[in-house]
Amino acid sequence: MSKKLPSRYGIRTMVPADAEGVARLAGLFEPVSTTVFQGIDAEDVSSWVRERLACPDWAGFVAELEGEIVGFAFCQDMANQPSGFVFPQARETVYLMYLAVDEAFRGQGLARALIAACEKLARDWGRSGLFLDVADDNPALGLYERLGFERLGAQVFLRKTIEP
Ligand SMILES: CC(C)(COP(=O)(O)OP(=O)(O)OC[C@H]1O[C@@H](n2cnc3c(N)ncnc32)[C@H](O)[C@@H]1OP(=O)(O)O)[C@@H](O)C(=O)NCCC(=O)NCCS
């Protein structure tokens with residue numbers, strides 16, 4: 001299952017100075033039904049990233065080409081989250097909250113390498129799995145299933161407008 005990433009790319013742990021590069025990529029999320037970052041200001045995203053990186057239960061990885069960030073993954077340890085979050089075993093996992101690769105660099109194994117870094121992190125943190133959610137109209141679903149993620153179920157988001 002291990003495919004080699006072209007040697008011009010590097011994968012390393014995310015540091016606060018990466019926040020702006022990460023925010024730029026966050027703007028590239030596919031316009032799917034539940035895109036979280038849609039319409040959010042890049043400055044808000046970079047402060048959000050900096051704040052999370054200051055917490056011990058958050059960590060990220062960036063993919064780099066000649067010092068330029070071309071991909072990232074962002075994870076949260078679920079161990080200290082309130083119980084009952086989505087499914088009981090969630091606390092044994094690391095939540096892969098965000099994953100993105102610059103359009104110009106897709107299809108070369110960067111997401112695969114970033115997910116491998118997240119898997120190593122989960123192992124180092126003593127967790128037994130990675131957990132994520134993805135919109136059912138996001139093509140990334142194909143990547144996750146290709147990399148061995150299994151579906152746990154489906155959730156539908158609903159909204160009712162309350163008249164003033
Ligand atoms: C999803 C995304 C991160 C994939 O990045 P990538 O670097 O192109 O992916 P990789 O090249 O590492 O692909 C890894 C494997 O998944 C497969 N894959 C990638 N995209 C796929 C797709 N849309 N459908 C099916 N399989 C796919 C690849 O074929 C590859 O398998 P292989 O190595 O056996 O050939 C990228 O398309 C992206 O940034 N999308 C926008 C952000 C987003 O929606 N992120 C997910 C939010 S939950």
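Ala63 sits opposite Gly71 of E3, and that is a handy way into this predicted model. The strands involved here are E2 (residues 58-65) and E3 (residues 68-77), an antiparallel pair joined by 8 bridges.

**The sheet**
- E2 and E3 belong to an open sheet of 5 strands, ordered E1-E2-E3-E4-E5 with mixed pairing.
- Strand E1 (9-13) and strand E5 (129-131) are the edges: each has a single partner strand, so one side of each goes without a neighbour in the sheet.
- On average, neighbouring strands here are turned by 30° against each other, ignoring direction.

**Helices on the sheet**
- Helix H1 (residues 19-26) lies across E3 and E4, and runs at about 95° to E3.
- H3 lies across E1, E2, E3, E4 and E5, with an angle of about 30° to E3.

**Around the ligand**
- The ligand has 21 residues around it, and Arg106, Ala111, Pro139, Ala140 and Gly142 are the closest.
- Strand E4 (93-101), helix H3 (110-124) and helix H4 (140-146) are the elements that each put two or more residues into this shell.
- Sorted by class, the shell holds 11 nonpolar, 5 polar and 5 charged residues.

**The chain as a whole**
- The protein has 4 helices and 5 strands, and along the sequence they read β-α-α-β-β-β-α-β-α.
- Of its 164 residues, 29% are buried.
- Take the contacts between residues at least 6 apart in sequence: 63% of them join residues at least 24 apart.

Terms used. Residues are numbered from 1 along each chain as its sequence is written. This is a predicted model: local features need pLDDT of at least 70, side-chain atom pairs count only at pLDDT 80 or more; totals for chains, interfaces and linings use all residues. A residue is near a molecule or strand if its C-beta atom, placed from the backbone, lies within 6 Å of it. Ala, Val, Leu, Ile, Met, Phe, Trp, Tyr, Cys and Pro count as nonpolar, Asp, Glu, Lys and Arg as charged, and the others, Gly among them, as polar. A residue is buried if 20 or more other C-beta atoms lie within 10 Å of its own, exposed if 12 or fewer, and partly exposed in between; C-beta atoms are placed from the backbone. Two residues are in contact if their C-beta atoms, placed from the backbone, lie within 7 Å. Two strands pair if DSSP finds at least two bridges between them. Axes are lines fitted to C-alpha atoms, for helices over the stretch in contact, and angles run from 0 to 180 degrees between N-to-C directions.
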